[in-house]
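Please read it alongside the coordinates.

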Amino acid sequence: MRVTYLVMNVEAKLRRAERSPVRQVAGWSSEWVRGCAPVVGAAAERTKLWWGAALVMAAAGGVRGKRAALSGLAAMAVSEVVSNAVVKQLWERRRPPEEWIPHDDVEDRPDSSSFPSGHTAAACGFTGAVALVWPAAGVACALPAAAVAVERVHSGAHYPSDVAAGAVLGGVGAWAVHRLPYLLRKAIL
């Protein structure tokens, strides 16, 4: 009972603290932002952006590109499963209130838990794993990954803390894909 109270108290404090940043980011109304945000959101949907990046790397990057693409896709999958199938099921959090979002895109939000951002977890997992194999390609993926994270707040789908948690889960997914095979081989041999 006490744990539930503490969690609810933390959520209430986070919500109050995140109200202003959500309203500020969601309120960006420049023509450039209003044009790019839906494109970024659509590209990130169902991880199309990362599958496309993996195809380009595999086709143009030789052996290193193929390794980077495979590593990125594996980390993306791990990060998404942990985010969407595990953490979202354990922590139910409502999306930011519609009245905080000054544009009409708020109507297209998912019904699932807001915490954490699965899109951000996938983006950061893919980018982190690619960077560990092919740093230049990882740098090229960093800007789209950041754009996905910002778009999730701008669209009203997530709080900044949801995005931060997704980024951490993505980093853990990238690390796991990169290090666990080595650690398992070492433990077995």
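**Notes on the model**

1. The backbone oxygen of Ala123 lies 2.8 Å from a polar atom of the Thr127 side chain. The model is predicted, so local features need pLDDT of at least 70 and side-chain atom pairs count only at pLDDT 80 or more, while totals for chains, interfaces and linings use all residues. Residues are numbered from 1 along each chain as its sequence is written, and side-chain values use heavy atoms, with hydrogens and water left out.

2. Thr127 belongs to helix α5; helices here are DSSP runs (H or I, at least four residues), numbered from the N terminus. With a relative accessibility of 10%, Thr127 counts as buried, where buried means under 20% relative accessible area, exposed over 50%, and partly exposed in between (1.4 Å probe, protein chains only). Leaving aside neighbours within four places in sequence, Thr127 is in contact with Trp50, Gly138, Cys141, Ala142 and Ala145, contact being heavy atoms within 4.5 Å. The C-alpha atoms of Thr127 and Ala75 are separated by 8.7 Å, although the two residues are 52 apart along the chain.

3. Which residues touch the most other members of the largest nonpolar core? They are Trp50, Met57, Met76, Phe126 and Val130, in a core of 17 residues. A nonpolar core is a set of buried Ala, Val, Leu, Ile, Met, Phe, Trp, Tyr and Cys residues joined through side-chain atoms within 4.5 Å. At least two residues of this core come from each of α3 (48-60), α4 (62-90), α5 (118-133) and α6 (135-154). Helix α5 gives the most, with five residues. In soluble globular proteins, nonpolar side chains tend to be buried together.

4. Phe126 has contacts, beyond its neighbours within four places in sequence, with Trp50, Ala53, Ala54, Met57, Ala69, Gly72, Leu73, Ala75, Met76 and Cys141. A second, separate core holds nine residues, including Val22, Val25, Tyr159 and Val163.

5. Glu18 sits in helix α1 (residues 2-26). Is this residue, Glu18, buried or exposed? Glu18 counts as buried because its relative accessibility is 6%. The side chains of Glu18 and Arg93 are joined by a polar contact of 2.9 Å. Such a contact is a pair of N or O atoms within 3.5 Å; within protein, one must be able to donate a hydrogen and the other to accept it, and residues adjacent in sequence count only if both atoms are side-chain atoms. Apart from neighbours within four places in sequence, Glu18 is in contact with Arg93, Trp100, Tyr159, Pro160 and Ser161.

6. Helix α2 (residues 31-44) has 14 residues and reaches 20 Å from its first C-alpha to its last, close to the 20 Å expected at 1.5 Å a residue; the expected span is 1.5 Å times one less than the number of residues. Its buried residues are Val33, Ala37, Gly41 and Ala44. These lie on the same side of α2 because they cover an arc of only 70 degrees around the axis, the arc being that of the directions from the helix axis to the C-beta atoms. Elements covering the buried residues of α2 include α3, α5 and α6. The face turned away from the buried side carries the exposed residues Glu31, Trp32 and Val39.

7. Arg46, in the loop between α2 and α3, has a positive phi of about 55 degrees although it is not a glycine. Arg46 is exposed, with a relative accessible area of 73%. Thr47, placed in the loop between α2 and α3, also is not a glycine and has a positive phi of about 55 degrees. Thr47, however, counts as buried at 7% relative accessibility.

8. The peptide bond from Phe115 to Pro116 is cis, with omega near -10 degrees. Pro116 is found in the loop between α4 and α5.

9. How many disulfides does the structure hold? The structure holds zero, a disulfide being a pair of cysteine sulfur atoms within 2.5 Å. The sulfur of Cys124 has its closest cysteine sulfur in Cys141, and the separation of 11 Å is too far for a bond. Cys124 counts as partly exposed at 22% relative accessibility, whereas Cys141 counts as buried at 7%.
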